[in-house]
Amino acid sequence: MTERLELFFSFRSPYSYLAGPRAFALPERFDVDLVFRGVIPMAMRGQSVPKAKRLHTLRDVKREAVRLGVPFGRIHDPIGAGAMRCLLVGEHAVDAGREREFVLAASRGIWAEAIDVSRDPGLREVCERAGLSWPDCAAALEDSALLGRVEANTRALAGLGHWGVPVFVLGDELFWGQDRIEDLETALRDAGLERR
Amino acid sequence: MSEARASRGRLSPADALARRVIPRAVVALSQLDGAARLGAAARRRLHRPGRVELYFAFDDPCSAVAVIDLAGRVAGRDVALLPRPVVRRGIAGDPAVELKRSYAVADARRLAARSGLALSRDVPIAPGATAFLAEWTASAPPGPALVSFCVQALERLWLRTGGPVVPADYAPLWRAALGDRPATAATRGVRRNERRMRRRGPYDTPAAWVHGQWFFAHDRPAQIAHRLDQLGWTAAS
């Protein structure tokens with residue numbers, strides 16, 4: 001039996017970026033249906049992020065990126081239009097069955113290649129890397145139904161009593177943080193969902 | 001859909017600074033570690049131990065996991081583990097404080113399970129209920145006996161008991177480790193630790209400061225050990 005595993009993800013979260021490759025690889029090893037749920041960044045939801053936390057996040061993510069062998073450091077912060085545009089295209093990518101490709105390409109572009117996704121050339125580049133048609137992605141940016149889904153995802157995260165990302169939801173269990181994927185894997189194994 | 005409208009024109013200097021230059025500079029500067037390594041080498045030549053300042057809270061179950069784990073990882077190295085208990089911490093005005101306190105219990109349960117340990121509590125403890133333990137600890141000189149008390153008190157608090165926290169239950173642990181009566185109403189040391197923690201950078205517990213870098217101690221125990229290895233304080237040192 002395949003279990004539903006939800007991934008709440010923000011394009012503005014470097015920890016989400018670190019989690020992405022391992023998160024999308026989970027269905028290869030476990031009987032799970034990974035459901036991508038992009039959420040509006042904390043700082044765009046009226047939650048302040050103090051300077052000490054912002055500085056620590058960048059330094060800690062760099063250490064973790066080195067440990068995981070993931071490129072990080074050539075950054076273009078997408079807060080605002082960049083984050084919203086990725087969220088809308090992310091929902092379109094879900095409909096096109098290419099969310100893995102888009103989420104990984106866009107987050108790598110933002111956190112490791114300094115791609116400005118708030119502008120058409122930058123967003124187009126990551127869309128095309130993900131195998132998505134640019135005209136379709138451009139149309140997604142004007143699609144109010146996709147915006148409704150992003151807002152619903154954001155409300156759903158708050159409804160779970162959670163605040164940050166990435167968050168994984170398996171049944172009634174929540175796992176917050178890229179460094180809790182190993183605990184999630186333990187839970188998946190304990191539930192008998194590991195592929196043999 | 002206005003928030004999704006494409007940016008046009010050149011990136012303004014202020015935007016370029018905030019979105020590209022500063023984040024990239026912070027990351028690049030974090031890779032410069034020469035001063036810490038030179039300092040560590042000098043300390044070792046002078047036969048002085050390495051230092052791990054551990055900021056933690058007795059009411060925080062993730063602190064319990066971190067203190068117990070780090071005490072073991074530091075043992076066998078020429079490193080002084082300096083317990084710095086705090087009571088007040090976190091992000092000012094954080095609307096999710098209570099949610100985080102509840103989630104911390106679930107999170108600590110999983111972290112403890114990684115080491116074969118099991119939490120004995122299902123609900124958070126109010127910070128004020130364990131403030132006396134922070135005051136006792138902050139008033140004592142650092143050293144292995146103090147670390148031993150912290151480990152035993154946290155094991156009793158989070159791994160062996162439930163219900164109310166009573167000072168009389170912890171006084172025998174204190175006397176066994178430190179052989180004296182604990183200080184009472186010693187809030188100054190706790191406030192000093194809280195100020196020192198903010199100066200070092202951490203805004204929440206558990207956090208370990210290791211010669212110029214800090215880590216959330218429950219999230220990064222292996223990385224803390226790796227940092228000590230890099231600085232030359234290996235398990236064989």
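Let me start with a contact: the side chains of B:Arg110 and A:Glu173 meet in a salt bridge, with 3.2 Å from N to O, where a salt bridge is a side-chain nitrogen of Lys or Arg within 4 Å of a carboxyl oxygen of Asp or Glu. Because B:Arg110 lies in helix α4 (residues 97-114) of chain B and A:Glu173 in strand β4 (residues 173-176) of chain A, this pair joins two chains. Helices (H or I, at least four residues) and strands (E, at least two) are DSSP runs, numbered from the N terminus.

Before I go on, please keep in mind that this is a predicted model, in which local features need pLDDT of at least 70 and side-chain atom pairs count only at pLDDT 80 or more, while totals for chains, interfaces and linings use all residues. Residues are numbered from 1 along each chain as its sequence is written, chains are lettered from A and ligands numbered from 1 in the order in which they are written, and side-chain values use heavy atoms, with hydrogens and water left out.

Back to that pair: is B:Arg110 buried or exposed? B:Arg110 is buried, at a relative accessible area of 14%, whereas A:Glu173 counts as partly exposed at 34%; buried means under 20% relative accessible area, exposed over 50%, and partly exposed in between, with a 1.4 Å probe and protein chains only.

Side chains of opposite charge can pair when their charged atoms come close. Over all chains the count comes to 42 salt bridges. One of them links A:Arg149 with A:Asp95, whose closest N and O atoms are 3.0 Å apart. Since A:Arg149 sits in helix α7 of chain A and A:Asp95 in helix α3 (residues 81-96) of chain A, the pair ties together parts that are 54 residues apart in sequence. A:Arg149 is partly exposed, with a relative accessible area of 28%, and A:Asp95 is exposed, at 51%. Another salt bridge is formed by A:Glu113 and A:Arg108, at 3.7 Å from N to O, and here A:Glu113 is partly exposed at 23%, as is A:Arg108 at 39%. There is also a network of salt bridges that draws on both chains, linking A:Asp60, A:Arg63, A:Glu64, A:Arg67, A:Asp179, A:Arg180, B:Asp107, B:Asp219 and B:Arg220.

Now to the second largest pocket, which has a volume of about 650 Å³. Of the 24 residues that line this pocket, the closest to its centre are A:Arg59, A:Arg63, B:Ser30, B:Gln31 and B:Gln213. The elements that give two or more residues to the lining are α2 (51-68) of chain A together with α1 (13-30), β4 (213-216) and α9 (221-230) of chain B, and α2(A) gives the most, with 7 residues. As for the term, a pocket is found on a 1 Å grid over the protein atoms alone, as an open set of points where a 1.4 Å probe fits, with protein on both sides within 12 Å along at least five of seven lines, and lining residues have an atom within 4 Å of a point.

Next, some backbone geometry. Most residues other than glycine have a negative phi, and most peptide bonds are trans. In chain A, a cis peptide bond joins A:Val165 and A:Pro166, with omega about 0°, and A:Pro166 is in the loop between α7 (144-159) and β3 (167-170). In chain B, the peptide bond from B:Thr205 to B:Pro206 is cis, with omega near -5°, and B:Pro206 is in the loop between α8 (187-200) and β3 (207-210). Which residues other than glycine have a positive phi? A:Ala114 is one of them, with phi near 55°; A:Ala114 lies in the loop between α4 (99-112) and α5 (120-129) of chain A and counts as buried at 7% relative accessibility. B:His211 is another, with phi near 45°; B:His211 is in the loop between β3 and β4 of chain B and is buried, at 12%.

Finally, chain B as a whole: its secondary structure comes to 9 helices and 4 strands, its C-alpha atoms fill a box of roughly 70 × 50 × 35 Å along the principal axes, and buried residues make up 49% of its 237 residues.

Definitions and conventions:
Points joined across faces, edges and corners; volume = space filled by probe spheres on them.
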